[in-house]
Structures are given as C-alpha cells and as structure tokens.
Amino acid sequence: LGSECKAEADIEQFEGQRIQGNLRSQWQLVKEKKWGFVACNDLFPGNVFWHLEENPKMKDLKFQRGDVVEFEVYRDISRGDKSQSRARNMEFIQAGEKEEQKVREKKLTP
C-alpha cells in the first residue's frame, strides 16, 4: 500500500463524524478553483478534498492556510470505483498560527 492508499484507509473510520483540521488551501485559490484541501495530521496522514459547493459557509470567508475548521467526513460514491472520503458542512473555527511565526519560534527555541 502506498501512503495515499493508507491515508484513505485510515480516514474511513471517521466517516459520518465531525472533526477538526487545518486548511491546506488559501481562500484565493479556493475561490478560483472551487475546491481545496484540509489536513488532520493528528488523526490520519494525507489531505482531505473539499468542494466549495458542499461547504457554503466557507464561500465568503477570506481564510488562510493553517486556519482551523470543523467538518463532516463522508464517502463520495458518485465516482464509482474511485470513491473517496471528502469534507462537507465545513465551519471556520479560528485563525491558525502563521507560518512565519512558527519559523521564528523554531529559531528561538534552544
């Protein structure tokens, strides 16, 4: 099993549940493409795909990469054999820690 398959197998246990994760896509990209990714590194490896159409509360928000959201994990069976876990009914929880701040803190830590 490759890491992508392993991530998909691990996420299945969360289907039907609401979980929190960090956005992997900025609002400008999502506005243009109508989709993005969210990660839940403390629960399972890999990213979860989400579409703006299934997450209307995210439509007018100017979110950043790393911001915390809560969402429902579900199985998209519309793609037949290529079904995948996806995120829907996403809600913004709070701004994430800025990448520059993380880098500064790492440099300051002895």
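Rings of Phe, Tyr and Trp, the last represented by its six-membered ring, are paired if their centres lie within 6.5 Å, and a pair whose planes are over 60 degrees apart counts as edge-to-face. The views below show a predicted model.

**Figure 1. Trp35, Phe37 and Phe49 form one aromatic cluster.** Under the rule above, the count comes to 5 aromatic pairs. One of them is formed by tryptophan 35 and phenylalanine 37, an edge-to-face pair with 5.7 Å from centre to centre and 80° between the planes. Phenylalanine 37 also pairs with phenylalanine 49: the ring centres are 5.8 Å apart and the planes stand at 75°, so this pair is edge-to-face. Phenylalanine 37 belongs to strand 2 (residues 35-39) and phenylalanine 49 to strand 3 (residues 47-51), so their pairing ties together parts that are 12 residues apart in sequence. Tryptophan 35 counts as partly exposed because its relative accessibility is 32%. Phenylalanine 37, with 32% relative accessibility, is likewise partly exposed, whereas phenylalanine 49 is buried, with a relative accessible area of 16%.

**Figure 2. Serine 25 lies in the loop between strand 1 and helix 2.** Serine 25 has a relative accessible area of 5% and is therefore buried. A polar atom of the serine 25 side chain lies 3.1 Å from the backbone nitrogen of phenylalanine 37. With neighbours within four places in sequence left aside, the residues in contact with serine 25 are Val30, Gly36, Phe37, Phe63, Gln64 and Arg65.

**Figure 3. Asparagine 47 is located in strand 3.** Asparagine 47 counts as partly exposed because its relative accessibility is 47%. Not counting residues up to four places away in sequence, asparagine 47 touches Arg24, Phe37, Val38 and Ala39. Asparagine 47 and arginine 24 are 23 residues apart along the chain, and their C-alpha atoms are separated by 8.0 Å.

**Figure 4. The largest nonpolar core has 19 residues.** In soluble globular proteins, nonpolar side chains tend to be buried together. The residues with the most contacts inside the largest core of this model are Val38, Trp50, Met58, Phe71 and Met90. Two or more residues each come from strand 1 (18-23), helix 2 (27-33), strand 3, strand 4 (68-76) and strand 5 (84-94). Strand 4 gives the most to this core, with 3 residues. Methionine 58 is in contact with Leu23, Trp50, Leu52, Phe63, Val69, Met90, Glu91 and Phe92, leaving aside its neighbours within four places in sequence.

**Figure 5. The charged end of arginine 88 sits over the ring of tyrosine 74.** The distance from this charged end to the centre of the tyrosine 74 ring is 4.1 Å.

Figure 6. The chain has 110 residues, of which 32% count as buried. Among contacts between residues at least 6 apart in sequence, 59% join residues at least 24 apart. The chain exposes about 7,500 Å², and carbon and sulfur atoms supply 48% of this area.

Note on methods. Residues numbered from 1 in each chain as written. Predicted model: local features only at pLDDT ≥ 70, side-chain atom pairs only at ≥ 80, totals over all residues. Heavy atoms only, no water. Phe/Tyr/Trp six-rings, centres within 6.5 Å; stacked < 30°, edge-to-face > 60°. Buried < 20%, exposed > 50% of the residue type's maximum accessible area, 1.4 Å probe, protein only. Helix = DSSP H or I, 4+ residues; strand = E, 2+ residues; numbered from the N terminus. Lys NZ or Arg CZ within 6 Å of the ring centre and 35° of its normal. Contact = heavy atoms within 4.5 Å. Areas by Shrake-Rupley, 256 points an atom, 1.4 Å probe, with all protein chains shown as cover. Core = buried A, V, L, I, M, F, W, Y, C linked by side-chain atoms within 4.5 Å. Polar contact = N/O pair within 3.5 Å; in protein donor to acceptor, adjacent residues only side chain to side chain.
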